[in-house]
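The sequence and the model come first, and the description follows.

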Number of protein chains: 2
Amino acid sequence: MILTLTMNPSLDISYPLKHLVINNVNRIDDAKKTAGGKGLNVARVIQMAQKPVIATGLLGGHIGQYIQDELAKDSIAHQFLSINQESRHCIAILHDSAQTEILESGPTINQQDQQAFKQHFANLIAQADVVTMSGSLPKGIAANYYAQLIDIANKQHKKVLLDCSGQALKEALQHHEKPYLIKPNHEELGLLVNKTIDATNVEQISDILLHAPELQAIPLIIVSLGQYGALARYQQQIWRVSIPRINVINPVGSGDATLAGLAIALSEQSTLPTLLKRAMVFGMLNALEAKTGAINLAHYDALFKQIEVNLYPSPHHVSG
Amino acid sequence: MILTLTMNPSLDISYPLKHLVINNVNRIDDAKKTAGGKGLNVARVIQMAQKPVIATGLLGGHIGQYIQDELAKDSIAHQFLSINQESRHCIAILHDSAQTEILESGPTINQQDQQAFKQHFANLIAQADVVTMSGSLPKGIAANYYAQLIDIANKQHKKVLLDCSGQALKEALQHHEKPYLIKPNHEELGLLVNKTIDATNVEQISDILLHAPELQAIPLIIVSLGQYGALARYQQQIWRVSIPRINVINPVGSGDATLAGLAIALSEQSTLPTLLKRAMVFGMLNALEAKTGAINLAHYDALFKQIEVNLYPSPHHVSG
């Protein structure tokens, strides 16, 4: 079973408007309301791939109940810790070919709830093979909280896939216990090592992955390069992943779908080339759908066959 | 007891933002969420005046429960009919000295719920002296629905205060059973009689109130004229109400507060001049508060003394 963590989920409201009229009233007939948050996208994709998953994190109030009922509608198993505060709304206004978002910060989590969640997490993870941790931490929670949860997971020999950025990622990497996998894009990798990185500069990225001291204790790192595929470091080897061109419909959530693919492959102990292919296919499947955090498995095989995974530099290249 | 009717309540969300950045992410720390809808403003003001009130209407889903819990926090008694759909959100973005609103239309009410509400209303109104009906009707409900509810109220000899506009108001006035009171502003009065009306033209308004055929069967009509006070017709007499100047903080909800004052005065059988003064004071008290649909009774007496109510034309004038 895969456990997906979402510490600050939201009820996402989408308002399609032809025009947004400023300083006036905009009336809307077809608002869409869905369970949101990166970890919930991961859970939805795993559920759509018909693999066992449980979503967890913190939820509260009427909005928390609304989110849980939306998850139930999508048949996504969930065991959130209830907090005594309202979960947040996040608004996306789609108007005039633009997307204007208003993101509430959500509740401030007190020490008691933070402690209670660690116990809740320890109980849940006993049943899991793999756990994903996605997105930013809510207010009131210190940046090293993911690091604390990784401690708990590692003690039980569970693999942690960590998909966050900024201080929360830095703290997790400085901690003595490490996540099993991180998947920064080239910009996030640059922030980690204080360098500007070009997505097409495979040599530079490979060099950072092999030699940056803060990355060495992480078993598996996957750097997504958008249309250029990905570069992965597993132990001391670099793998280059090339992907076919696709007609992107909606790229939002592709990183979450990729994480879902990685979690499934790890829980099923796929070989590394297969793991990388599965992950990339999931990301592409999401980009082919209009809905964020959704995949259609009908296109899986065709895409899978078009992905190439090779050691870098290639053995030919090295020997040649 | 006063019954206040809100057929399409909302969870009002207010986002104070310094600037609204279009086509990007706006993060917000201090969203405010309150029970909204004109009839709920009326109920809140009556409750703040410490008079017995019950709020009713249609509510559903998580948002409906959220609204009910907000009412409970404000100690507003309520007996809504539950529907099997989500109540709506209404968003107000306060930004760049502007107020941009996104108003969801809310659920479409089916025939079964419309019938069930008529029975619910008939039961509740048996306990009431007076009922207020405020605001627009939700989707799926015919424009003559208020007229049907007025039938029910009139059969039980209860006074109906109707505060709506457009087709719902027209249908209510064309119906054989009439509301006891309507309170159009001068523009809404103009729409009713297909004339352009100037708020300062007391003679024209007086003439319409006394002679427009569609208005004759309504016992009491109050035309609010903003800073110019109001003009009222009770049976065949016109009353002119003059109000002092005040420093308006937030005029939104003043019409609802005025309706609350009218409902209280009618339920307590005030004399007509006192009724008119109480109503105007409540409207002004709301305008002096930052919160919509809120009053501070500490200022009541001082304002009450400054309001003048006279017959129009004055008996002096007629005799002189």
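## Aromatic pairs and clusters

Rings of Phe, Tyr and Trp (its six-membered ring) are taken to pair if their centres lie within 6.5 Å. In this predicted model, Phe282(A), Tyr300(A) and Phe304(A) form one aromatic cluster. A search of the whole structure finds six aromatic pairs over all chains. One of them joins Phe117(B) and Phe121(B), whose ring centres are 6.2 Å apart with the planes at 35 degrees, so this pair is tilted. Phe117(B) and Phe121(B) both belong to helix 3 (residues 111–125) of chain B, and because they are four residues apart there, about one helical turn separates them. Phe117(B) and Phe121(B) are both buried.

Phe282(B) and Tyr300(B) also form an aromatic pair, with 6.0 Å from centre to centre and 85 degrees between the planes, which is edge-to-face. This pair links distant parts of the chain: Phe282(B) lies in helix 9 (residues 272–287) of chain B and Tyr300(B) in helix 10 (residues 300–305) of chain B, 18 residues apart. Buried means under 20% relative accessible area. Phe282(B) has a relative accessible area of 3%, so Phe282(B) is buried. Tyr300(B) has a relative accessible area of 16%, so Tyr300(B) is buried.

## The two copies

How does chain B relate to chain A? A rotation of 180 degrees, with 0.0 Å of shift along its axis, superposes chain B on chain A with an RMSD of 0.0 Å. The two copies are therefore related as by a two-fold rotation axis.

Among the residues of chain B, His62(B) comes closest to the rotation axis, with its C-alpha at 2.8 Å. Of the interface residues of chain B, 100% are also interface residues in chain A, so the copies meet through the same surface.

## The annotated domain

An unreviewed UniProt entry places the feature "domain: Carbohydrate kinase PfkB" at residues 9–293 of chain A. In the model, this span of chain A is 38% helix and 25% strand, and its end C-alpha atoms lie 14 Å apart.

## A sheet built from both chains

Strands of a sheet pair through backbone hydrogen bonds, either parallel or antiparallel. One open sheet has five strands in the order 3(A)-8(B)-7(B)-2(B)-4(B), with mixed pairing. Strand 3 (25–28) of chain A and strand 4 (32–36) of chain B stand at the edges; each has a single partner strand, so one side of each is left without a neighbour in the sheet. From one strand to the next, the twist averages 20 degrees.

Within this sheet, strand 2 (residues 10–16) and strand 7 (residues 88–95) of chain B pair in the parallel sense over seven bridges. Ile13(B) stands opposite Ile91(B) in strand 7 of chain B. Helix 2 (residues 61–73) of chain B packs on the sheet and touches strand 2, strand 4 and strand 7 of chain B. The direction of helix 2 of chain B makes about 90 degrees with that of strand 4 of chain B.

## The ten-strand sheet of chain A

Another open sheet has ten strands of chain A, in the order 6-5-1-9-10-11-12-13-14-15, and its pairing is mixed. Strand 6 (81–83) and strand 15 (308–312) of chain A are the edge strands, each pairing on one side only.

Which residues of strand 1 of chain A are buried on each side? Ile2(A), Thr4(A) and Thr6(A) are buried on one side, and Leu3(A) and Leu5(A) on the other, which leaves both faces covered. Five of the five residues of strand 1 (residues 2–6) of chain A are buried, so this strand is largely enclosed by the rest of the structure.

## Neighbours of strand 1 in chain A

Strand 1 of chain A runs parallel to strand 9 (residues 130–134) of chain A, and five bridges join the two. In strand 9 of chain A, Val131(A) is the bridge partner of Leu3(A). Strand 1 of chain A is also parallel to strand 5 (residues 53–60) of chain A, again with five bridges. There, Leu5(A) stands opposite Thr56(A).

Strand 5 of chain A pairs in turn with strand 6 of chain A, in the parallel sense over three bridges, and Leu59(A) stands opposite Ser82(A) in strand 6. Helix 2 (residues 61–73) of chain A lies across strand 5 and strand 6 of chain A, at about 165 degrees to strand 5.

Methods: Residues numbered from 1 in each chain as written. Chains lettered and ligands numbered in written order. Predicted model: local features only at pLDDT ≥ 70, side-chain atom pairs only at ≥ 80, totals over all residues. Heavy atoms only, no water. Least-squares fit on C-alpha atoms with pLDDT ≥ 70 in both. Contact = heavy atoms within 4.5 Å. UniProt positions renumbered as here; feature names shortened; annotations may be inferred. Pairing = 2+ DSSP bridges. Axes fitted to C-alpha atoms, helices over the stretch in contact; angles between N-to-C directions. Phe/Tyr/Trp six-rings, centres within 6.5 Å; stacked < 30°, edge-to-face > 60°. Buried < 20%, exposed > 50% of the residue type's maximum accessible area, 1.4 Å probe, protein only.
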